[in-house]
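Welcome, and thank you for stopping by. Please take a look at the sequence and the model below, and then we will walk through them together.

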Number of protein chains: 6
Amino acid sequence: MVEPSTRVPDSLLEQYQSVSNATVLGKLLQRGYDKTYMNGVRSLAPGRRLVGRAVTLRYLPSRPDLAKRVATGAHGEGFNETPRWQALEAMGPGDVFVGDAMGLSTVSTGGDVVFSRIVTQAAAGLVTDGGVRDGHKVVRYGYPVFAGDSTPTVGEPNILPYEVNAPVQCGGVLVWPGDVILGDDTGVVVLPSQLAEELLPECVEHDETEQALLEYTQERKISPKSFYPFNDDTKKIYEEWKKRRG
Amino acid sequence: MVEPSTRVPDSLLEQYQSVSNATVLGKLLQRGYDKTYMNGVRSLAPGRRLVGRAVTLRYLPSRPDLAKRVATGAHGEGFNETPRWQALEAMGPGDVFVGDAMGLSTVSTGGDVVFSRIVTQAAAGLVTDGGVRDGHKVVRYGYPVFAGDSTPTVGEPNILPYEVNAPVQCGGVLVWPGDVILGDDTGVVVLPSQLAEELLPECVEHDETEQALLEYTQERKISPKSFYPFNDDTKKIYEEWKKRRG
Amino acid sequence: MVEPSTRVPDSLLEQYQSVSNATVLGKLLQRGYDKTYMNGVRSLAPGRRLVGRAVTLRYLPSRPDLAKRVATGAHGEGFNETPRWQALEAMGPGDVFVGDAMGLSTVSTGGDVVFSRIVTQAAAGLVTDGGVRDGHKVVRYGYPVFAGDSTPTVGEPNILPYEVNAPVQCGGVLVWPGDVILGDDTGVVVLPSQLAEELLPECVEHDETEQALLEYTQERKISPKSFYPFNDDTKKIYEEWKKRRG
Amino acid sequence: MVEPSTRVPDSLLEQYQSVSNATVLGKLLQRGYDKTYMNGVRSLAPGRRLVGRAVTLRYLPSRPDLAKRVATGAHGEGFNETPRWQALEAMGPGDVFVGDAMGLSTVSTGGDVVFSRIVTQAAAGLVTDGGVRDGHKVVRYGYPVFAGDSTPTVGEPNILPYEVNAPVQCGGVLVWPGDVILGDDTGVVVLPSQLAEELLPECVEHDETEQALLEYTQERKISPKSFYPFNDDTKKIYEEWKKRRG
Amino acid sequence: MVEPSTRVPDSLLEQYQSVSNATVLGKLLQRGYDKTYMNGVRSLAPGRRLVGRAVTLRYLPSRPDLAKRVATGAHGEGFNETPRWQALEAMGPGDVFVGDAMGLSTVSTGGDVVFSRIVTQAAAGLVTDGGVRDGHKVVRYGYPVFAGDSTPTVGEPNILPYEVNAPVQCGGVLVWPGDVILGDDTGVVVLPSQLAEELLPECVEHDETEQALLEYTQERKISPKSFYPFNDDTKKIYEEWKKRRG
Amino acid sequence: MVEPSTRVPDSLLEQYQSVSNATVLGKLLQRGYDKTYMNGVRSLAPGRRLVGRAVTLRYLPSRPDLAKRVATGAHGEGFNETPRWQALEAMGPGDVFVGDAMGLSTVSTGGDVVFSRIVTQAAAGLVTDGGVRDGHKVVRYGYPVFAGDSTPTVGEPNILPYEVNAPVQCGGVLVWPGDVILGDDTGVVVLPSQLAEELLPECVEHDETEQALLEYTQERKISPKSFYPFNDDTKKIYEEWKKRRG
């Protein structure tokens, strides 16, 4: 297990609730972080916002001998998939389960029984580039779910959970344990934990400037052409917008 | 035409209405039936449950000489696509149209005029790994529709209906005429007709055990870890759940 | 810039509002126009109908020297993406922005600030085989949006707008400036401008015949088999339907 | 089993040996046959020309109960895959095995033991949109092999041979038993049997005209621009070429 | 038509013959040119090196009315595809035909008659992300050919040549007329014309340093670990290598 | 780092040189090992046989902060990619480098300088589901190379080596350090180390029986139908074949 060097506090997570994914992605890109958007991972419950710290689980292709190695749980009978339970038991409020299923979008990483633990842990949500078994049931728990697909398949003959809180790929993006996972209707963006604090004010200002600019141009029925990309005139509009808001 | 050796009775179909697709798939897998989930076939009307006996139609790539061979219908003018009508006319309550369109998801297998016949036949629904023309109109008939996609395209220049009630592939899965076709928001699972009766009690018990387990752990806000995969403790929880239910 | 030889009048556009995309595609196919349906372009706001004249924008893969060439806008600071603004400024009521993004479905062609201009121009809508940044925000403007995907990504490091009102491909279909762009829940069909007037009566008659046939067969609970493809009996049903309607 | 209405004689097959696949495809296209080129099927032995009559075998997705149905061969022990042997035993000189494996390019349709029968039958070759097991061994038999891929996999858990000499799809193309299968380094083209005789003279003339034109323009180091597509001047060049050849 | 601002002289092209594609790509990447490698474009004649200036041809999806617009050649009968001839007639020694076929790898951009013109023009070669008709014949001309595939298909019903020497995409990469096109067995890299001179010495030094390093470590049977990425010790090895070479 | 529980001796590896990949895959399948064939990994040097013990390297998507973490090599200047060197330095005769590049087939895992170390280590070869930079140069070292593709791209902006001798996926298959990696012209099969000894005699017998059967039926020009799948008659043929061989 890797301990994240920076633990992003709940208060900071809270502030990201109202920031746009696209804005965070843009600011990360300016710092050279150019692979932050997960491919092939979509919201199974459109409209829900996800913000949380990554608890990662790395799956591997299944194999009979691997199954024996990883199944050393309490009951010792049948297959217990210990690493998956380790990940779920380690979660708490503000944490997000991130399952690296090697992009196998229709293979199950778990279903409504397993992922019911996210509710009782009061955790933030669920992300995987694999499938979620009976996704339409899992979304009833009310937390945000982002996955490759909803599926009726079984995981075990295809993939096995292997390792908790190692750095993983998910949807082609690196996820380091503790990274901030941001989900909205465009999908999932990964914000490295050590940048979360630094980026917030820029993101908020960016979103507000966009808002100010939109109100300004829509009211006057004019083009945003002269104000975009942002320039001195845009700043003026933003400054006035802030004054009016008080 | 192939006659299914086992005709699944309506009463059995009715009982599968409340069983989970994922549960059926799991039980089939335990018996070595490992290709039962259709790839690339999704619900065009989320929320609708489909249960019914397969009436199959095999499409082939279109060719001018094939068009002449298959069009020998009543009117003799233009293209009558007789095998498609044969399939639709053969349907009744509890039957599902299953169109093997060779996975050509945006090619039309039929549209709202053709598939209006499913309504007047009081049949159970429509499944294809091809496209459904004007899918947003077809779903207004109220029956469940599972397809590769909704499309505005025309079938005839691309594919032709060729054969009724032969065994076919659909979404990479074998469908034998009379097989039970199960659709929910995770897609479509195929249950061989001769297994339908045998599997039902296991499926019901599995679904109920999951339900009992979920209620037990959610009420207590504890992990299902020790009870999953199912073991003796899970059985106890289930037995008590059944008693309480009476 | 290419001037379309035929400007389709607003009154004609209006009449296409109630015509089915599938019907238009079928009539075009009969005239040898066999590539009229955009692949991989779907409605981000299901239920909305799009009819309008194409204003095209051709994107190219990004490159530092190309960025310098195309950015020669008013402010001269930063990147102004002039051709995109040219396209948007050229639009008016009844016009549709058509962005050829070379099928890069998750790459942004613009977001809610840029495409807010479609609202103030009172234009008809937005089509691209690329992505729309923050698509869930853009659809709030109320106009129809058809795209490869909704995305949080940034366009500039990936693609650059290059040329306005040149003929382009979009979703594998030729779009000539001024062509009629038709969108519904099955996606987008392109109707060459010079055929718009000629095709309308056929399309209307076709849609009405289908409607008459459906009412006839559904009321009587009979098969449409003998009336489809359309024949003399179908025509009779249609004639009576028209009489009853008065 | 379907009997082809026209049996293409060996003498005609022989004459197609020197005709170009591209030319045949072009002539078929002019008659409205627009789906004649197999997608995803390539030569495992580049340089070998294939011409022969199709003996078709239709595979289906595997299922335990289907395995029992199709395995009713002589030995009765284990899996005999009778329909595959039926197809191979039915072949003779000038025949081509055409396996419809539903486009599963890495799934085995057979290997060097099974396809050794093509040698002892003195048949023309092997085509499938599935895989050929140990393709590098099969090509040592010396006959042309066209397949989705060479693979070490086993067929039976994935697909099962079901039906001999039914019309099938292969690589997205209709193949009717008896059709002429033409393979070269560009892949495989299907020529409907009833058109084989009619098309030959056109194809030969086309290929010779191209040859004449190429010699004419390459010798003079001039552009073929004025002679292509073929026109009266091209015909003159061709006539003179024929005279010179005697 | 766009005139390239910098015409890369033949002498410079000649020097790139012995430079590695990978090295050029690496040096371009250091300057921020990160999309220079064509996806899905491979050598049809492995072992041949391609270096030349791009003459571009932009194809569009075919449509009957577009066919009429572009076919206004000398003979006026049939389809002359004038822009394609314009491109080929404009070529000379050191020029490469670059066909933007929108990535349609099995659609023909031309065949052995059309591309015979590259021989009589003594031009450098042929690149397209579409298909080359009868590619196995075209490679017999002896020049390098890079394409999506070799195909027997016909171009006209699918794509039409539209515009000569406009900037295009090919394999997802921008190609500006006059850019240096570099092909080897790894595929095709595009070098913007204005960087060709500046980059050469760096590339040569890089390739030579690699060569020196390889000889040094292979002779001594030691790891290149301490010298790679290049550092002061590597430079010493290189300096001595140059001395020995004289 | 994980130590393999069983070290497969060189003598055993040697014996697998003449065993068919397909045979090994078949025997593994009978024991329930059903995911042993790497998808999308092909020989860059057809004709070369690979047998060796896996030394694994796990790559991750690149990120600026990850680059800093993994680059802590001797020189401290630039990027040293320590885990990749660790893997290569750990290799010896009979070992195979197995790079899990997450299936990114055109992204470089290394080139001819880096992989020259395989020669000086006298190791067995190279396998990756990523790309090999300048693959046509690497194959000149004479060892077998299996990869997603040959590529001119650079690895570092896309992927980073992270971990040595952890269990990984490669081409969708689990590879445990020390597993036997088998490559031939059909691709790569993974044989778990603990099964290597047990499987060998079965494989040899299977291959020999096939050989005997082929000789028997080819000589007599008869069908192998009655002897395949293997039965008592096949065994007799095999026994006689062994006697004749002495």
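What percentage of the 246 residues in chain A is buried? Buried residues make up 58% of them; a residue counts as buried if 20 or more other C-beta atoms lie within 10 Å of its own, as exposed if 12 or fewer do, and as partly exposed in between, with C-beta atoms placed from the backbone.

Before going further, please keep in mind that this is a predicted model, in which local features need pLDDT of at least 70 and side-chain atom pairs count only at pLDDT 80 or more, while totals for chains, interfaces and linings use all residues. Residues are numbered from 1 along each chain as its sequence is written, and chains are lettered from A and ligands numbered from 1 in the order in which they are written.

Let us begin with chain A as a whole. Its secondary structure comes to eight helices and twelve strands; these are DSSP runs numbered from the N terminus, with helices (H or I) of at least four residues and strands (E) of at least two. Along the principal axes, the C-alpha atoms of chain A fill a box of roughly 70 × 35 × 30 Å. Among contacts in chain A between residues at least 6 apart in sequence, 73% join residues at least 24 apart. Here, two residues are in contact if their C-beta atoms, placed from the backbone, lie within 7 Å.

Now find helix 7 (residues 196-220) and helix 8 (residues 232-245) of chain A. These two helices pack at an angle of about 90°, and their axes are 9 Å apart. The axes are lines fitted to C-alpha atoms, for helices over the stretch in contact, and angles run from 0 to 180 degrees between N-to-C directions. Helix 7 of chain A is therefore roughly perpendicular to helix 8 of chain A, a label for angles of 65 to 115 degrees, whereas those under 35 count as roughly parallel, those over 145 as roughly antiparallel and the rest as oblique. From helix 7 of chain A, A:Glu208, A:Thr209, A:Ala212, A:Leu213, A:Glu215 and A:Tyr216 take part, and they meet A:Thr234, A:Ile237, A:Tyr238 and A:Trp241 in helix 8 of chain A. By class, this contact of helix 7 with helix 8 of chain A has six nonpolar, two polar and two charged residues. In this scheme Ala, Val, Leu, Ile, Met, Phe, Trp, Tyr, Cys and Pro count as nonpolar, Asp, Glu, Lys and Arg as charged, and the others, Gly among them, as polar.

Next come the partners of chain A. With chain B, 24 residues of chain A are in contact with 25 residues of chain B. Helix 4 (82-89), helix 5 (116-120), helix 6 (135-138) and strand 7 (149-151) of chain A each give two or more residues to this side, and helix 5 of chain A has the largest share, four residues. The side of chain A that touches chain B divides into eight nonpolar, eleven polar and five charged residues.

The contact between chain A and chain C takes 26 residues from chain A and 24 residues from chain C. Helix 2 (21-30), strand 12 (187-191) and helix 7 of chain A each supply at least two residues there. Eleven nonpolar, eleven polar and four charged residues form the side of chain A that touches chain C. By contrast, chain A and chain E do not touch, and their nearest C-alpha atoms are 12 Å apart.

How are these copies arranged?

Just after helix 2 of chain D, D:Gly32 takes a positive phi of about 90°. Finally, C:Asn39 lies in the loop between helix 2 (21-30) and strand 1 (42-43) of chain C, and with 15 C-beta neighbours inside 10 Å it counts as partly exposed.
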